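Here is a short briefing to read alongside the structure. Keep the viewer open and select residues as you go.

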Amino acid sequence: MPHRPVVILTHPMPEDWIAPLREAVQLVVGPAGVAGVAADLRPHFGEVEGLLTWLIDRVDEHLLAEMPRLKVVSNLAVGVDNIDLEACSRRGIAVGHTPGVLTEAVADLTFALLLAVGRGLFTAAEDARAGRWGLWQPDAWLGTELNGSTLGILGLGQIGQAVARRAHAFGMRVLYTSRSPKPEAEARWGAQRVPWETLLAESDFLSLHVPLTPATQGMVDAEALRRMKPTAYLVNMARGPVVQTEALVRALQEGWIAGAALDVTDPEPLPPEHPLYRLSNCLITPHIGSATHLTRRRMADLAISNLLAGLRGEPLPHQANA
Ligand code: GLV
């Protein structure tokens with residue numbers, strides 16, 4: 001009988017998504033509704049060779065020390081800030097992630113949020129539902145249109161570029177700040193690379209698409225928010241801690257900026273009593289950037305391919321560490 005390695009899937013996923021995994025390995029599935037690799041799974045730690053994680057699971061030195069046979073961690077996300085990559089590399093553990101397959105879904109949601117926050121869709125819809133739709137008025141529910149506005153993109157990776165492509169089609173001027181120049185985006189969508197301070201000062205919409213790293217953590221702080229136009233909108237599709245939450249609350253309360261749309265927050269989930277929910281100029285969605293039927297299925301397929309390659313000792317289709 002061929003060797004069937006033990007694999008931990010940290011939380012349940014639809015059975016038809018994980019069928020190929022069940023066939024190939026001895027699958028141990030963790031509990032729903034708890035973030036992290038549950039302590040209940042500890043009896044399997046000694047034998048586990050593969051770990052399929054969600055972005056709510058922390059994989060650190062501590063955990064790795066308990067898993068001496070681990071060969072591969074496959075994260076069901078493009079971001080890998082929940083995983084200590086260096087610790088994995090030191091132990092020869094491959095880390096997989098899911099770039100590419102989610103690019104268009106995330107760029108779509110970015111545009112949904114840009115339009116929603118710029119046109120105040122959520123307050124207008126709430127007003128209509130609550131019976132506050134009086135006679136049509138020329139100066140009610142006025143917003144900002146995308147055409148002719150300047151979009152500032154922080155981080156012009158695959159997702160940032162898919163956003164730039166949409167922005168160009170919407171008639172926006174596209175500025176970006178990125179570690180390296182992207183000549184193709186400049187040629188195709190007229191994107192112009194500018195320093196961070198210029199991006200802050202000139203954007204009508206500022207959209208965040210950087211990974212969470214020590215360099216990007218807290219990048220959108222009080223000083224950055226004060227540099228933005230009072231008419232500008234912030235959209236965060238990256239990771240919550242890229243924005244300093246307390247500074248953002250003040251910026252929205254005191255009108256340093258016009259509004260924000262956040263698909264990611266710090267903390268996550270954002271507790272129901274959080275002041276951001278009380279602000280009519282803040283739209284919050286529960287980290288749904290890649291949440292389409294097609295994309296989540298593709299992410300599961302890719303995460304499983306990464307995992308199985310790692311178990312075989314082969315290079316992963318998408319590996320995040322060296
Ligand atoms: C989602 O946030 C991801 O990193 O895939």
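The model is a predicted one, so please read every value as computed from predicted coordinates. It holds 19 salt bridges, and a search of the whole structure finds one cavity of 30 Å³ or more.

**Salt bridges**

- Glu104 and Arg165 form a salt bridge, with the closest N and O atoms 2.6 Å apart. Glu104 lies in helix H4 (residues 103–118) and Arg165 in helix H6 (residues 158–169), so this pair ties together parts that are 61 residues apart in sequence.
- Arg22 is joined to Glu15 by a salt bridge, and their closest N and O atoms are 2.8 Å apart. Arg22 is partly exposed at 35% relative accessible area, and Glu15 is partly exposed at 45%.
- Arg227 and Glu223 meet through their side chains in a salt bridge of 3.4 Å, N to O. The two residues are four apart in helix H9 (residues 222–227), so about one helical turn separates them.
- In this last pair, Arg227 is partly exposed, with a relative accessible area of 38%, whereas Glu223 is exposed, at 52%.

**Helix H11**

- H11 covers residues 293–311, and its 19 residues should span 27 Å at 1.5 Å a residue. The C-alpha atoms at its ends are 27 Å apart, which agrees with that expectation.
- Buried residues of H11 include Thr295, Met299, Ala300, Leu302, Ala303 and Ile304. Further along the helix, Asn306, Leu307, Leu308, Ala309, Gly310 and Leu311 are buried too.
- After H11 comes Gly313, which has a positive phi near 80 degrees.

**The second largest pocket**

- This pocket holds about 200 Å³ of space.
- Its lining consists of 15 residues, and Val117, Gly120, Thr123, Tyr233 and Asn281 lie nearest its centre.
- H4 and helix H5 (121–129) are the elements that give two or more residues to the lining of this pocket. The largest share, three residues, comes from H5.
- By residue class, the lining of the second largest pocket divides into seven nonpolar, seven polar and one charged.

**The largest cavity**

- About 50 Å³ of space lies in the largest cavity.
- The residues that line this cavity are Asn236, Gly240, Val243, Thr245, Leu248, Leu262, Val264, Thr265, Asp266 and Leu276.
- Which classes make up the lining of the largest cavity? Five of its residues are nonpolar, four are polar and one is charged.

**Two glutamates to look at**

- Is Glu49 buried or exposed? Glu49 is buried, because its relative accessible area of 4% falls under the 20% cut-off.
- Glu49 is found in the loop between strand S2 (26–29) and S3. Not counting residues up to four places away in sequence, Glu49 touches His3, Pro5, Val6, Arg69, Leu70, Lys71, Val72 and Leu311.
- One of these contacts, Leu311, is among the buried residues of H11.
- Glu61 is found in helix H2 (residues 61–65). With a relative accessible area of 30%, Glu61 is partly exposed.
- Leaving aside neighbours within four places in sequence, Glu61 is in contact with Ala87, Arg90 and Arg91.
- The C-alpha atoms of Glu61 and Cys88 are separated by 8.0 Å, and these residues are 27 apart along the chain.

Technical notes:
Residues numbered from 1 in each chain as written. Predicted model: local features only at pLDDT ≥ 70, side-chain atom pairs only at ≥ 80, totals over all residues. Heavy atoms only, no water. Salt bridge = Lys/Arg side-chain N within 4 Å of Asp/Glu carboxyl O. Buried < 20%, exposed > 50% of the residue type's maximum accessible area, 1.4 Å probe, protein only. 1 Å grid on protein atoms, 1.4 Å probe; cavity = no way out; pocket = protein on both sides within 12 Å on 5 of 7 lines; lining within 4 Å. Points joined across faces, edges and corners; volume = space filled by probe spheres on them. Nonpolar A, V, L, I, M, F, W, Y, C, P; charged D, E, K, R; others polar. Expected span 1.5 Å × (residues − 1). Contact = heavy atoms within 4.5 Å.
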